[in-house]
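Subject: Structure handover

Hello,

Here is the structure I said I would pass on. My notes follow below it.

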Amino acid sequence: MAGKATTMSRDGFNKLQEELEYLVTVRRKEVADKLKEARSYGDLSENAEYDEAKNEQGMLEAQIADLEVIIANAIIVDDGSVSMNEVGVGSFVKLKDFELDDIVEYQVVGSTESDPDNNKISDESPIGKACLKKHVGDIFEVEVPAGTLKFEILNISR
């Protein structure tokens, strides 16, 4: 199964690899132990514990397969290659929000690393996508469900 290329930081890539390693080495064994225990209860046709363990195993294997595809198709952006002239994945941007008359700061990250609560916005989110390739001083508008937002790029760093 071919996957879509996903841009991410080295840190994000390493976290995905750690998660995959944990799922393969620890969670697989835990689920296998649950299946083994549920089988010991006898008749599998009316064994809710067995059905639950099989479902958990299926979801775990799907999660492992998804991570393997993401990792195999990852495009890693190292800090040194992040431009300070234009916004890209890995950039920290300081924006003036004209609607709120406030300054906001974000790091533009790949979709797998998105964490809006910690000001990490995906390059596929409306604001993230709109500010890509922009330069300091550029003003841009973004269509969001609440309406149109207007921003100015004040600073780009890495």
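How many helices and strands does the chain have? There are 3 helices and 7 strands in this predicted model. Along the sequence they come in the order β-α-α-β-β-β-β-α-β-β. The radius of gyration is 22 Å, well over the 15 Å that the globule rule gives for 158 residues, so the chain is more spread out than a compact globule. Along the principal axes, the C-alpha atoms fill a box of roughly 70 × 35 × 25 Å.

The chain exposes about 9,600 Å², and 49% of that comes from carbon and sulfur atoms. If you take contacts between residues at least 6 apart in sequence, 52% of them join residues at least 24 apart.

The UniProt record, an unreviewed entry, places the feature "domain: Transcription elongation factor GreA/GreB N-terminal" at residues 7-76. That span is 79% helix and 9% strand, and its end C-alpha atoms lie 6 Å apart.

Helix H2 covers residues 48-72, which is 25 residues. From its first C-alpha to its last, H2 reaches 36 Å, close to the 36 Å expected at 1.5 Å a residue. Which residues of H2 are buried? They are Tyr50, Ala53, Glu56, Leu60, Ile64, Leu67, Val69 and Ile71. The cover over these buried residues includes helix H1 (10-39) and strand E2 (74-77).

Regards

Definitions and conventions. Residues numbered from 1 in each chain as written. Predicted model: local features only at pLDDT ≥ 70, side-chain atom pairs only at ≥ 80, totals over all residues. Heavy atoms only, no water. UniProt positions renumbered as here; feature names shortened; annotations may be inferred. Helix = DSSP H or I, 4+ residues; strand = E, 2+ residues; numbered from the N terminus. Expected span 1.5 Å × (residues − 1). Buried < 20%, exposed > 50% of the residue type's maximum accessible area, 1.4 Å probe, protein only. Contact = heavy atoms within 4.5 Å. Rg over C-alpha atoms; globule rule 2.2 N^0.38 Å. Areas by Shrake-Rupley, 256 points an atom, 1.4 Å probe, with all protein chains shown as cover.
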